[in-house]
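Please keep the structure open beside the text as you read.

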Amino acid sequence: MKFNGFTEEDFNVFSIEGLDARMEAIVEKIRPKLDFLGQHFTPSLSVMTGDEVHYHVAKHARRSVNPPNDTWVAFASDKRGYKKHPHFQIGLWGTHLFVWFAMIYEAPGKAAFGRQIEQRVDEIPEMIPGEFVWSGDHMKPDATPYNSMSRDDLLALAKRVQSVKKAELLCGLHLDRDTVTKMSGEELMDKITVAFETLLPLYKMS
């Protein structure tokens, strides 16, 4: 297939009522595009990271009542899963597209990663641009732009991920739906490539 980017119709999927109807639309409209992005970025991420990377498209298999509010493709060095590993994600909420580097609560190495961020907090501004965002919870759509955070704000996130079981640490790029729907597939893939390259130092720290 040719990737033409994401449309208003894709983002509107998350307004569909009911688990079955929304899942049907996700499978029909969004999942083929995530699968394409998975195939497209896996080779380059393998080269960038030096690990054999595998992609995993979200299946939302455990859901029985509530429809998913977002969906994604994740990239990690384990072909069986990604949640226990440092990983990258590309995905959609109804409001925006996200490109993450993520250490979520299942990852055994998240406390060690938090210590790395804490120890190298003064180096992070040289790695991560101000328009990138940070989050402590991948289940929430909101994230904080780095250019509105203080050094202490980032330290607080880094310390929390070391001591709170459910805490997470994510950094990446948010692109609002109006921006994304105006981009061609090629423009979007170029933007995602640059985001992955920018986030690579965090992966190397994990």
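Helix H5 has 13 residues (151-163), and at 1.5 Å a residue it should span 18 Å, which agrees with the 19 Å between its end C-alpha atoms. The expected span is 1.5 Å times one less than the number of residues. Helices (H or I, at least four residues) and strands (E, at least two) are DSSP runs, numbered from the N terminus.

This is a predicted model, in which local features need pLDDT of at least 70, side-chain atom pairs count only at pLDDT 80 or more, and totals for chains, interfaces and linings use all residues. Residues are numbered from 1 along each chain as its sequence is written, and side-chain values use heavy atoms, with hydrogens and water left out.

Which residues of H5 are buried (under 20% relative accessible area; exposed is over 50%, partly exposed in between; 1.4 Å probe, protein chains only)? They are Leu154, Leu155, Leu157, Ala158 and Val161. Their arc around the axis, taken from the directions to the C-beta atoms, is only 160°, which puts them on the same side of H5. The face turned away from that side carries the exposed Asp152 and Ser163.

The buried residues of H5 pack against these elements (contact means heavy atoms within 4.5 Å):

| Element | Residues |
|---|---|
| Helix H3 | 110-119 |
| Helix H4 | 124-127 |
| Strand S5 | 133-135 |
| Strand S7 | 169-176 |

Now to strand S2 (residues 70-76), where alanine 74 is found. With 0% relative accessibility, alanine 74 counts as buried. Leaving aside neighbours within four places in sequence, its contacts include His54, Tyr82 and Phe88.
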